[in-house]
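Let's walk through this protein together, with an eye on its charged side chains. Please have the sequence and the 3D view open as you read.

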Amino acid sequence: MLTHRLTSAGAALAALALGLSACAGPAPGPAASGWSRQTEQRLLDLLHVTSPQSYLDSPNPAGDLNGLANAILVLRAAHVPTTVASFDRYRHGALYGDYDPLGQTALAARATSAVDNAAVADAVAQLGRPGAGFADPAHRQSEVDLGATLRALDLLDLVVPHLAPDAAAHVEQVRATTRIPDVCHRLIGASEPDARLLVRLAAHQGDQCPHETLAQVAAHLDASGDLLVAERLRAARALTDLGAIEQQQRDAIGSAAAAAFEQRFSTASGSATTAGIEQARDLLDAITDLDATVQVPQDLTASAQRLVRWGGAILDVDPQGLAVETAHALFALRVLARSTRDSDQYGKLLSEVRARLDATKLTPDDALVWHAALPTTPIAAAAPPALERTDLVLALLDAAKHDPKFCPEQAPATWQQDLNALATGKDPASRSSRLLRAAATRQLIRVCTGHDPDGTQALGVALQDALAHIGSGAGHSELLRLAEAACLADTPTPPLRSAVNRVVAQNRLTTGGAADDPAASILDSEATYDVVRLSQIAESGCSPGWWTGLDSVSL
């Protein structure tokens, strides 16, 4: 096994541990243990299994008011207390959001009270058009929009109670002069989406529409099928207020919608994404507006708490192409779980990943990565047509020991190509990448042929030269590539000690995890993996990497 071949290099790296004992992430001690536990929680958040194939989420440095507000309102509906960080950046000013400023400002007002009520009321009043409704600030100022008008009225309902009497009177005057005319007439022959908005507007304005017209809208509403459409439920409430639906019928709609909601969001696949939480919040608003009681499922509550922890700043990402990043994050979590003696959450997460993994939808590259990372899970994989990606070469190492089909014919050519490039290239970052791929390819050739390829000595010389000339600006990625290459090539690495000290201390965040850019203080999953892996090598010497299996080392 690769473990045995790395043993001699482990002694060479033992010196690293001396310089890192005070700052390495998984190292013993109260401060380090606290960092490890915080990092565990943040990685568990990022690795939350949201749906088949989509494992890793990405933090958004800018934060997301909309996402945070949705999560807070879901928790409020579940009667779960939550502490919200400062919202000073949202407090001053009027309308927030670039896509739907009226709707997002309403969410901010409801969830965080982080709005200047007077400024908001004034800004919305300026959008009023006499006899026409309210303009949509996301488009042209002169454009009146039914949806924008309803959101403006909802927002004014939220902020007016908090205004001084004279300001509130001004807003009521604006309301009175901006009524949209002919709402009842426009209902005749309106499309179903428009009819839903128009009956809500009629209820807002107190319009007295003919019973026959409202009955037609109610009949279409009954025939439309899906209960979990928030606008349909809001229209049912409006039709009740207008006298077109009996309270008993409204209650039946509310009870059925509540049951459907609880079923839809009872599993993580329905609730864990930011889009799922937004949909849940919208439906909760509409269902409770029908005076129905809803039990918020535990999975939905857990997802909302996760989003609040990140300030609304987790975005769902494309599930394809993330196999390596996910394997890195899982590996870092496994190392931390061993350090904190808490393997339960890691084991549960790994089981979820296995259960949700759909091998039929994997790209060939991702299939090879998961084949190496989860060796006990049946995943069909093959050697790639080219060995351009180092992570794919690493993924072949263990597989090639058991099946010759994972011994690619192009390995000797790739090996020679890297040796030639190392003989001429001077850029440190590109050299570290070349060194790691060359060391991995050399190991692959040894596994497949039983002996080292020609030029192995040249690799050792190039690696020692790179280690002897580590610059003060070397980052976590470059240092980890050098450390992994040294382990694979059985090369001593004393010059890495001070550089690893610096990068671990510099990139590690006090709130857990590590940042790619220390100045930005935004957790980056790859930087976290690099810091954890560097610390692991420093503490324990060379050890198997993610490519030997995420569950190959007992927790």
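What follows is a short tour of some salt bridges, and then of one glutamine.

Before we set off, please note that this is a predicted model, in which local features need pLDDT of at least 70, side-chain atom pairs count only at pLDDT 80 or more, and totals for chains, interfaces and linings use all residues. Residues are numbered from 1 along each chain as its sequence is written, and side-chain values use heavy atoms, with hydrogens and water left out.

Side chains of opposite charge can pair when their charged atoms come close. A salt bridge here is a side-chain nitrogen of Lys or Arg within 4 Å of a carboxyl oxygen of Asp or Glu. By that rule, the structure contains 27 salt bridges.

Let's begin with Arg234, which pairs with Glu231; their closest N and O atoms are 3.2 Å apart. Both residues sit in helix H14 (residues 230-241), three residues apart, or about one turn of the helix. Helices (H or I, at least four residues) and strands (E, at least two) are DSSP runs, numbered from the N terminus. Arg234 counts as buried because its relative accessibility is 16%, while Glu231, at 28%, counts as partly exposed. The cut-offs are these: buried means under 20% relative accessible area, exposed over 50%, and partly exposed in between (1.4 Å probe, protein chains only). This pair also belongs to a network of salt bridges that links Arg110, Asp154, Arg200, Glu231, Arg234, Arg281, Asp282 and Asp285.

Next, find Asp391, which forms a salt bridge with Arg389, with 3.0 Å between the closest N and O atoms. Asp391 is buried because its relative accessibility is 18%, whereas Arg389, at 31%, is partly exposed.

Now turn to Arg434 and its partner Asp418, whose closest N and O atoms are 2.7 Å apart. Is Asp418 buried or exposed? Asp418 is buried, because its relative accessible area is 0%. Arg434, on the other hand, is partly exposed at 26%.

Our last stop is Gln205, found in helix H12 (residues 192-205). With a relative accessible area of 13%, Gln205 is buried. Leaving aside residues up to four places away in sequence, Gln205 touches Arg179, Ile180 and Val183, where contact means heavy atoms within 4.5 Å.
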